[in-house]
Amino acid sequence: MRTLLLKSLFAFPVTIDGPAADDAGLEEIGRALAARTRRLFGRSMTIREVDAGSCNGCELEIHALNNAFHDLERFGLRFVASPRHADVLLVTGPVTKNMREALQRTYAATPSPKWVVAAGDCAIGCGVFAGSYAVAGGVADVVPVDMRIPGCPPTPTALLKGLIALMEPANVPERNIQTTRNST
């Protein structure tokens, strides 16, 4: 035990370098996304992530958006636990037969206007799971999809770029927010 303790005290830490991303490029992407979000919503954009049956590779990259390196919240985007508070559904993996109804209910619970993003090759076209007896299809086979972000898995930077492309004026749904009042 003493040898192990002494060895660990005098050994150098084994670490790897961080991602070799262009910090200036990431900042530029993030600032553009934050500006578009504030212009459209006047607040932060909220995302609900739904795992419809993936291998969790895409989830690891999505979770990397929240780590100290990418820090998604500094750009005005945040993840929420309830679809009732979400503007975007970020769906990963092929939709399994067991998750089909859950995804449909999550879509129905998300208030309009809403966007659905299929993240990863499996969400787009079932990927390596195509033809499996347990798969109901891609996300577009179950709910309408507004944006597809390819990759196995897509990188955090690709996910950010996809969210920016989602907020382009051509992709923004009509915002007829009118209150109807009873004239009594």
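Contact here means that heavy atoms lie within 4.5 Å of each other, and with that sense of the word the packing of this predicted model can be described. The chain holds six helices and seven strands, which follow one another along the sequence in the pattern α-α-β-α-β-β-β-α-β-α-β-β-α. Of its 184 residues, 39% are buried, and the accessible surface comes to about 11,100 Å², with 54% of that area belonging to carbon and sulfur atoms. Among contacts between residues at least 6 apart in sequence, 82% join residues that are at least 24 apart.

**Helix α3 and its packing**

- Helix α3 covers residues 57-64, and its buried residues are Gly 57, Cys 58, Glu 59, Ile 62 and Ala 64.
- The partners against which these buried residues of α3 pack are the strands β1, β2, β3 and β5, together with the helix α6.

**Nonpolar cores**

- The largest nonpolar core has 25 residues, and those with the most contacts inside it are Met 45, Leu 77, Val 88, Leu 160 and Leu 163.
- At least two residues of this core come from each of α2 (23-41), β1 (45-51), β3 (88-92), β5 (115-119), β7 (147-149) and α6 (156-166).
- Once its neighbours within four places in sequence are left aside, Leu 163 is in contact with Leu 33, Met 45, Ile 47, Leu 77 and Val 88.
- Another core lies apart from the largest one and has 13 residues, including Val 50, Leu 89, Leu 103 and Ala 123.

**Strand β1 and its partner**

- Strand β1 is mostly covered, since five of its seven residues are buried.
- Over three bridges, β1 pairs in the parallel sense with strand β2, which is made of residues 77-79, and within this pairing Thr 46 stands opposite Arg 78 of β2.

**Two loop residues**

- Asp 87 is placed in the loop between β2 and β3, and this residue counts as buried because its relative accessible area is 6%, below the 20% cut-off that the term requires.
- Not counting residues up to four places away in sequence, Asp 87 touches Phe 41, Arg 43, Ser 44, Met 45, Thr 46, Pro 113, Lys 114 and Trp 115.
- Ser 132, found in the loop between α5 (121-125) and β6 (135-137), is partly exposed, with a relative accessible area of 29%.
- Although Ser 132 and Thr 96 are 36 residues apart along the chain, their C-alpha atoms are separated by 9.2 Å.

**The salt bridge in helix α4**

- A search of the whole structure finds one salt bridge, and it is formed by Arg 105 with Glu 101, whose closest N and O atoms are 2.7 Å apart.
- Both Arg 105 and Glu 101 belong to helix α4 (residues 100-109), where they are four residues apart, about one turn of the helix.
- An α-helix has 3.6 residues a turn, so residues three or four places apart point the same way.
- Side chains of opposite charge can pair when their charged atoms come close.
- Arg 105 is exposed, with a relative accessible area of 58%, whereas Glu 101, at 45% relative accessibility, counts as partly exposed.

- Leu 5, Leu 6, Leu 9 and Phe 10 make a nonpolar surface patch of about 470 Å².
- One of these residues, Leu 5, lies in helix α1, which spans residues 2-10.

Terms used
Residues numbered from 1 in each chain as written. Predicted model: local features only at pLDDT ≥ 70, side-chain atom pairs only at ≥ 80, totals over all residues. Heavy atoms only, no water. Patch = residues over 30% accessible without salt bridge, like charges linked within 9 Å, V, L, I, M, F, W, Y side chains within 5 Å. Areas by Shrake-Rupley, 256 points an atom, 1.4 Å probe, with all protein chains shown as cover. Salt bridge = Lys/Arg side-chain N within 4 Å of Asp/Glu carboxyl O. Core = buried A, V, L, I, M, F, W, Y, C linked by side-chain atoms within 4.5 Å. Buried < 20%, exposed > 50% of the residue type's maximum accessible area, 1.4 Å probe, protein only. Pairing = 2+ DSSP bridges.
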